[in-house]
Amino acid sequence: MRPLQLDLAMLKILKYSFYDLIRSRWSYVYFLFYLLLGFVLLFLNNDVSKAIITLMNVIILLVPLIGTIFGIMYFYNSKEFTELLLAQPIKRSSIFLGQYFGVAGSLTLSLVLGLGIPFVLYGLFKSDAIFDFTLLLVTGAFLTLIFTVLAFNIALSNENKIKGFGYAVLLWLFLAVIYDGLFLMSLILFKEYPLDSFSLGATMLNPIDLSRTLILLKLDISALLGYTGAVFKKFFGTDQGLLISMLMLVLWTVLPIWRLVSVAKKKDF
Amino acid sequence: MQYPKLFIFVLVLFTTVELWAKPIVVCESCVVKSISEAVALAIDFDTLLVKKGTYKEYNILIDKPLTLIGENYPIIDGEDQGEIIRIVSDNVTVDGFFIVNVGTSYTTDYAAIRVVKSKNFLIQNIVLEKLFFGIYLEKSNHGKVYHNKIIGDAIDEYNSGNGIQLWYSDHVEVSQNIVQGARDGIYLEFSDNITIHNNKSTNNLRYGLHFMFSDDDVYTDNIFENNGAGVAVMFSKRIKMKGNTFRKNWGPAAFGMLLKEINDAEISGNTFEENTIGIHIEGSNRIEYKANNFVKNGWGIKVLGACYANTFRANNFLYNSFDISYNSKLNDNVFDGNYWSAYTGYDLDKNGIGDVPYRPVKLFSYIVNQTPEAIVLLRSLFMDIIDFSEKVSPVFTPDNLLDTNPLMTKVQ
């Protein structure tokens, strides 16, 4: 099979998944939810930069949750379609990547458009918050990509739907809440030691924490510039730090995708 | 019959006034070419008019009551030799000079203008650049430092001086000055009954304003911005601070205002905006905080050590990461009728006061006091959850620290 055909097959599957989601109206619901959220926030605050802070809380929690649940539901739901495709002379990576990018792409599009439209209408381009907002959307998009692919991985490894669903929710709970609890406990336990690099490392290893810190350093700068903040600001505040954080987010996306493809290749369906 | 006598009297009066009012003119092409020369020639209560030009002089000693007026800002260049003007007499006025190049020394505090043991002085419209110490008042009372501009270029604390320094000086008015780039913008030590009004102290290396052992002082409507550590008020009694603005004092040890061992003060109508810590309080008692705005600070108020019988009323706490932080479980201060932007209660009887009390101290702020690195968990869901559980049943934070009458709308 020539590479060109391979790409075409993937794009075709991507298109099918994408339209499938749009036809099932879930994309619209998701899109309308963000649209409403954006308008309500701006209506209540009428200040773009303050609305961004509130929005951050939503994005940090909801985007991973929705990505996880959508990903796992879609994978299990379209299992018969997947098995049908597997019988065709199409590369396995194209099938799974196509489906994945279809789901993740439609979720990202709903997020970006749903939040982007109200903010643009309320004068984002005239406000100096445009960089913060762009960062917010980029991290939101990354979180969608990361958590959808993690959900795909879980679904691929678990034939049992209930089990898979449980693991997926647990994964979200772990990264959104439990991880921070363990992190805090170890900080308190080892407070006699210098913890700057440890906390930096622990933040980098969790995509939710990483996104939160990245956005916070742009917004809540005065608090983070306190005692420890200086180390953090030096890292995240510089272009190099921003680059490394973005690289971490890319790694968080690429590594699970790579696992998805390699497991799917070997798996006996 | 009386007229000729009166006429002579008036004539005599006019001639004396004429003699009296004739200023000694100093310029590069005049008979008197330097300010020191003019001071030596002058008699008491003379006026010296200094024309535009550059005068390379230092150690100008003014030892009689004189009025020095600069026309179009003549430049006095000290050529880094040492002190430039020293006033040791009462009733001296210095007005309208541009003074540069004060000598730097590690043993003597050279100043551009130093007033020593004198009364009723007036220093106004002076522009200072390349200074060590700017205006230094030493044991001098009842004077005025008005409308001066001090632009320093301090880089290190050890070899830089303060913009305006008062040492053992009482009843002095410091107003409408602009001080920037000095070590401390305005520094007061052992100086009582001072009025500091409408000054702008920015970009100084250490503090915008620094008080030590100075009682009964008033400072109003000043702006302190982007100083190394903000404003420090220490070991002083009965100070009134009103309508000042403290902005953008950022850094690991920076604050809008530091209160250390301050008693019976009144702090009202001030704005603390975007500081790492709005007010940092240590061992300060019986202070009344009223109608202040704390906006977007890291910590609105950070209380350390024993602070008793302080009252906080009608303040606005808007969008601070932490409104109040305590390092102990003990609370003897009153919070009543403030507006908190983080308040989530309701007002069913519509009287403008929330029906549920507000707890301004979060558990997270207590944790951050213990483990500063924990700040990286700011605004995480985990922290919100444990903050919520602490709110429901306080274990680590003072359980009597609450505002029972939180306002529903901002105090105007």
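**Strands and a helix pair in a predicted model**

Reader: In β28(B), which residue is the bridge partner of S236(B)?

Author: I262(B) is the partner of S236(B). This is a predicted model, where local features need pLDDT of at least 70, side-chain atom pairs count only at pLDDT 80 or more, and totals for chains, interfaces and linings use all residues. Residues are numbered from 1 along each chain as its sequence is written, while chains are lettered from A and ligands numbered from 1 in the order in which they are written.

Reader: How many bridges join β25 to β28 in chain B?

Author: Six bridges link β25 (residues 230-237) with β28 (residues 257-263) of chain B, and the two run parallel. Strands here are DSSP runs (E, at least two residues), numbered from the N terminus, and helices are runs of H or I with at least four. Two strands pair if DSSP finds at least two bridges between them.

Reader: And how many bridges join β28(B) to β31?

Author: Four, and β31 (residues 277-282) of chain B also runs parallel to β28(B). There, L259(B) stands opposite I281(B).

Reader: How many strands form the open sheet in chain B?

Author: 12 strands, with parallel pairing. The order is β4-β7-β10-β13-β16-β19-β22-β25-β28-β31-β34-β37. At the edges are β4 (60-62) and β37 (322-326) of chain B, each pairing on one side only. The twist averages 10 degrees from one strand to the next.

Reader: What stands opposite E138(B)?

Author: W167(B) in β16(B). Four bridges join β13 (residues 133-138) to β16 (residues 164-167) in chain B, again running parallel.

Reader: What pLDDT does chain B average?

Author: 89, with 95% of the residues scoring at least 70. pLDDT is the predictor's confidence in each residue, from 0 to 100. For the complex, the predictor gives an ipTM of 0.82 and a pTM of 0.83.

Reader: Switching to chain A. At what angle do α9 and α12 cross?

Author: Roughly 155 degrees, with the axes of α9 (residues 207-219) and α12 (residues 239-266) of chain A coming within 11 Å. Axes are lines fitted to C-alpha atoms, for helices over the stretch in contact, and angles run from 0 to 180 degrees between N-to-C directions.

Reader: Are α9(A) and α12(A) roughly parallel or antiparallel?

Author: α9(A) and α12(A) are therefore roughly antiparallel (angles over 145 degrees; under 35 is roughly parallel, 65 to 115 roughly perpendicular, the rest oblique).

Reader: Which residues in α9(A) meet α12(A)?

Author: P207(A), L210(A) and L214(A). They meet S245(A), M248(A), L249(A) and W252(A) in α12(A). Contact means C-beta atoms, placed from the backbone, within 7 Å.

Definitions and conventions: Contact = placed C-beta atoms within 7 Å.
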